[in-house]
Amino acid sequence: MPKIEAIIFDMDGVIIDSEPIHLEIVKEITREHNLDIADAELQSYVGSSTLEMWADLVQRYGVDESPENLANRTKDRITSHYKSSDNLPDVSGVKDLINKSRQTVKNLALASSSSMEHINIVLDKLKLTPYFSRRVSGADLARSKPDPMIFIKASELLETPPSSCLVIEDSYNGVTAAKAAGMTCIGYRNEHSGDQNLSQADLIIDDFNLFNLESFLSTFSES
């Protein structure tokens with residue numbers, strides 16, 4: 001198999017433990033429309049863009065508001081939360097993993113369904129901006145995860161073929177997109193991301209603190 005030459009990180013649920021924040025904001029807006037949607041249903045959209053989520057919910061529940069407006073309201077509330085927070089919750093062990101990734105592979109990118117504004121705020125507040133000069137927002141693309149477009153775009157920015165890219169994802173949609181792009185994928189099981197089916201991933205882990213990147217890359221290159 002080709003040697004891994006680049007690592008692509010998802011953001012929500014992998015770098016920032018943001019899913020509880022997103023879930024509560026989406027639930028607030030659904031309650032404003034007198035809807036009571038189960039957490040499990042909302043968590044099935046983890047990894048997809050906010051616009052795609054609202055487009056589906058509007059059609060399914062007959063919400064009397066456009067998906068575009070709902071997506072914008074969601075984005076604005078998340079932006080306000082991020083900007084006002086002095087301590088955004090990073091995922092345990094991820095900063096060390098990012099540092100090791102830079103030392104080992106050097107070529108890093110971030111590919112998130114979140115808006116570029118949110119990506120930049122999170123990286124700045126978590127002091128991770130220098131690690132990710134290459135960033136892709138699914139909000140800027142015609143199709144988001146589980147479509148592979150976002151990862152294909154990331155591989156182009158990295159100037160690295162998909163077969164030499166490793167993706168770290170926490171959602172079914174993200175893992176599906178990575179594998180459809182022809183990439184190796186590590187599935188991170190984040191308890192706050194709901195019951196995600198990560199079975200397509202090449203490896204599933206529960207704790208970044210216990211993950212040995214060098215050993216994984218060495219084993220993979222020998223397989």
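Author: The structure holds 0 disulfides, a disulfide being a pair of cysteine sulfur atoms within 2.5 Å. Cys165 is in no disulfide, and the nearest cysteine sulfur, that of Cys185, is 12 Å away. Seen from Cys185, the closest cysteine sulfur is that of Cys165, and at 12 Å it is too far for a bond. Cys165 is buried, with a relative accessible area of 0%, and Cys185 is buried with a relative accessible area of 0%. Buried means under 20% relative accessible area, exposed over 50%, and partly exposed in between, with a 1.4 Å probe and protein chains only.

This is a predicted model, in which local features need pLDDT of at least 70 and side-chain atom pairs count only at pLDDT 80 or more, while totals for chains, interfaces and linings use all residues. Residues are numbered from 1 along each chain as its sequence is written, and side-chain values use heavy atoms, with hydrogens and water left out.

Next, the helices. Helices (H or I, at least four residues) and strands (E, at least two) are DSSP runs, numbered from the N terminus. Val94 lies in helix α5, residues 94-104, and counts as buried because its relative accessibility is 0%. Beyond its neighbours within four places in sequence, Val94 is in contact (heavy atoms within 4.5 Å) with Phe9, Val14, Ile15 and Phe208. Asp207 is 113 residues from Val94 in sequence, yet their C-alpha atoms are 9.1 Å apart.

In helix α6, residues 116-125, the buried residues are His118, Ile119, Ile121, Val122 and Leu123. These pack against α4 (67-84), β2 (108-112) and β3 (135-137). Just after α6, Lys127 takes a positive phi of about 60°.
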